[in-house]
Amino acid sequence: MSRIFVAGLGAVSPAGWNVTALREALAQGEPLPVQPLARPGWENTARSLRVRPVPPPPVRPEFLAHPRLRRTSPITHYAAAAALEATAAWRALPTAKNLRLGVIACLQSGCVQYSCRFYDETLKNPATASPLVFPETVYAAPTSHVAALLENVVLAYSLVGDAASFLQGVALGAEWLTENRVDACVVFGGEETNWIIADALRHLDRPAIVAAGAGALCLCREGQLAAGIELAAITDAQTFSISRNREQAALAMRQQLGKNSADELLADGTGDSAHTDAAELAAWRDWPGPRVSPKRILGEGMMAAAAWQCVAACDAVGRNQFKAATVSLVGSNQQAIGARFVRA
Amino acid sequence: MMGNAQAKFALMLFPLTNSPAARPRVVVTGAGIVTALGGGWKSNAEGFRAGKRAFRPVTLFDVSRQRVKTAAEVELPGLDSFPAMRLSRHQLERLDRAGKMLVLAANEAWQQSGWTAAENIPLVLGTTAGGMVLGEAYYRQALQQPENFRQQATRAVFYQPQVQGRMVLDSLGCNGPISIISNACASGANAIGHAWDLICSGQADRVLAGGYDALGELVFSGFDSLQALSTTVCRPFDARRDGLALGEGAAMVNLETLDSARRRGAEILGELTGYGTSIDQHHLTQPHPQGSTTLAVMRQACANAGVTPEQIDYINAHGTGTVLNDGSEALAISEWAGQRAATLPVSSTKASIGHLLGGAGAVEAVICLMALREQWLPPQMIFETPDPACKFKIVTQPQEARLNTVLSNSFGFGGVNAALIFRRWA
């Protein structure tokens, strides 16, 4: 059996443009400020939408000069920044140019900004809808741009699903490494947001505050490249169905992860909604150790939030704060999956 | 057999199960298809064999201000005509066209395979847009009637492809992990290829896989804005080609190990012997002009299948009908085939049913199975002058043929290329 290690981490979140910013925000434990989000048609009503936006980068990222990224939307910027941060050590290897890289993108809402923009143009007059915008609406666009940016990418998939799918992406990356199809694999989860995502979330989970960003893990086979972190386990996908509700799926995920000791960290996916969080809270009711809940601080970032959970868990292990960390992902409408990372 | 499959999937996604000492052979025991030529194997096989074309004026949305006004629309049956399945009428009503086509294809494949309701059947789907038609409806209502929330929550849930995937499993009375691959127009082929990977690596004995997409206003307008749609007739590989035609549809296949199929005494439709995939980083929407990634994935699929170009009896090309795609693919096929090119039959069935985007690779995989099983070549009936880059023969007339091994190409925006190889089961 191949061992799989985490060679690097990357994050863009409402806390800022790197893992350090994410770590500091989670350590502070205070929910980040919320901003109002303008919604067409509600200008003269008492209704409002809220968002935790990603702040502007402190300096313009160099990667935006890449010709492929000129017209891209924020989701690609977030994904690119997270992927570059996660692969920084790997790309610094003298042999990096000769190694095969895999890219796995995980998305739930995907490229909503340009999708709305292009559809709006279509409704107004399809004859003037921009051909430059349309290609950026597809789920695979951020994957393609990140692959072009990283170069020597030989294998790339875009996976769509609820937030728990991020761990399916990590499992797929581990599979590609185990089968020696790639030498390293960056797995990122990313989302961008706009009024329509906040509007939809309001229908489904009113207390949740929508957020955007990305998180990335760079996986490898070589222990010497590990950032002190090893992937120990990912549970089976516990799919919701007629015969298994969300709470039962969360419990099945918890049971597959087995017993944990009190000196391990749990990175859970609970946020601001008692109703949405109920299944996950029930599954982890007897968790004996410390917890971190990134969504409570950063907001409902969907696939990005799942990635932040994994980054937070790995970061805590890599910095020797914990010997192991468990990630709990109970998605909104597909599945529950958990994972365990240990000190390498 | 069922117990064995369940035991395997009680394991974790990681660590992986140890790969089997010998790679299992993977066979297809069920296939379902919905296209503008009809619903089901029989009507589609008749249509593709004859090279029928299924384009008609678009009725699903307003195209009066578009350059192009036709597409290959599917005539979906009313809900009363749906086959018996484990979804209520209310559940079916919540699905958009894409979801309905998907459920129909999956149920046809399931019935044909003889699989029975069970736990832990992995489902792998390819799509580019999922339930985008519901997303469009959400957007229009949110803008035009900002205080009207009726049906918006349902649309927000059911436009998501994983929810459509759950409906497929619920309709079949089974459960299992759902993977949605959205590698643009290669998605359907990647979904089937990923299913093959799951079985070959010993992670599953059986996988239900396929792809789907419905016509929608955003996507239609998108391709029209790119001036990628043909304003005349979609003629892949013709020197005078001027673009693609859009279609819609779904196809699903039941894949399982040969051992599993034999134990059940199942009828085998064909064998999936090879899969190749990689990414072309040349451009977001344009293939590398020399088709280098296409060449690489065809070689990869052949290596996996243990065959050479001389052993490939037919290629179902990606063949969209655009100048750039077909030129690049023609160069790649010609180089890959070498001397074999002169006698190699190639066609693009997009000439009959249009480009099905995320559904294309899966539908074309089922067309390959039909051709292998019934021993014919699907023709492109409208074809005049071959592109000079084509060193191979375009099939232009209905004809019977001895086919043992065929290859299907699929490429997508973003650059993912995929190739599948199927072998006749006799």
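**Exercise 1.** Which residues in α8(A) meet which residues in α9(A)? Work out how the two helices sit together, too.

*Solution.* A quick reminder before we start: this is a predicted model.

- Begin with the residues. From α8(A) you have A:R246, A:E247, A:A250, A:L251, A:M253 and A:R254, and they meet A:A279, A:E280, A:A282 and A:A283 in α9(A).
- Sort them by class: six are nonpolar, none polar and four charged.
- Now the geometry. Helix α8 (residues 246–257) and helix α9 (residues 274–283) of chain A pack at an angle of about 30°, and their axes are 8 Å apart.
- Last, the handedness: α8(A) and α9(A) cross in a right-handed way.

**Exercise 2.** Describe the packing of α2(A) with α5(A), and say which class of residue the contact has none of.

*Solution.* 

- Helix α2 of chain A covers residues 74–86 and helix α5 of chain A covers residues 140–150; they pack at about 40°, with 9 Å between their axes.
- Angles from 65 to 115 degrees would count as roughly perpendicular and those under 35 as roughly parallel, so α2(A) and α5(A) come out oblique to each other.
- The crossing of α2(A) past α5(A) is right-handed.
- On the α2(A) side, the contact uses A:I75, A:T76, A:A79, A:A80 and A:A83; α5(A) brings A:A141, A:P142, A:H145, A:V146, A:L149 and A:L150.
- By class that gives nine nonpolar and two polar residues, with no charged ones.

**Exercise 3.** Move to chain B and find how α2(B) is oriented relative to α14(B).

*Solution.* 

- Helix α2 (residues 41–50) and helix α14 (residues 360–374) of chain B pack at about 80°, their axes 10 Å apart.
- That angle makes α2(B) roughly perpendicular to α14(B).
- B:W41, B:A45 and B:F48 make the contact from α2(B), while B:I367, B:M370 and B:E374 make it from α14(B).
- Five of these residues are nonpolar, none is polar and one is charged.

**Exercise 4.** How many residues does each chain put into the contact between A and B? Then look at B:L218.

*Solution.* 

- Chain B gives 59 residues and chain A gives 62.
- The chain B side divides into 30 nonpolar, 23 polar and six charged residues.
- Zoom in on B:L218, which sits in helix α9 of chain B. Leaving out residues up to four places away in sequence, B:L218 touches A:S115, A:F118, A:Y119 and A:T122 from chain A, plus B:M132 and B:E136.
- B:L218 has 24 other C-beta atoms within 10 Å, so it counts as buried.
- B:L218 and B:M132 are 86 residues apart in sequence, yet their C-alpha atoms are 8.4 Å apart in space.

**Exercise 5.** Is B:T17 buried, exposed or partly exposed?

*Solution.* 

- Find B:T17 in the loop between α1 (2–9) and β1 (26–35) of chain B.
- Its count is 14 other C-beta atoms within 10 Å, which makes B:T17 partly exposed.
- B:G202 is 185 residues away along the chain, with 6.7 Å between its C-alpha and that of B:T17.

Notes:
Residues are numbered from 1 along each chain as its sequence is written. Chains are lettered from A and ligands numbered from 1 in the order in which they are written. This is a predicted model: local features need pLDDT of at least 70, side-chain atom pairs count only at pLDDT 80 or more; totals for chains, interfaces and linings use all residues. Axes are lines fitted to C-alpha atoms, for helices over the stretch in contact, and angles run from 0 to 180 degrees between N-to-C directions. Helices (H or I, at least four residues) and strands (E, at least two) are DSSP runs, numbered from the N terminus. Angles under 35 degrees count as roughly parallel, over 145 as roughly antiparallel, 65 to 115 as roughly perpendicular and the rest as oblique. A crossing is left-handed if the near helix is turned anticlockwise from the far one by less than a right angle, and right-handed if clockwise. Two residues are in contact if their C-beta atoms, placed from the backbone, lie within 7 Å. Ala, Val, Leu, Ile, Met, Phe, Trp, Tyr, Cys and Pro count as nonpolar, Asp, Glu, Lys and Arg as charged, and the others, Gly among them, as polar. A residue is buried if 20 or more other C-beta atoms lie within 10 Å of its own, exposed if 12 or fewer, and partly exposed in between; C-beta atoms are placed from the backbone.
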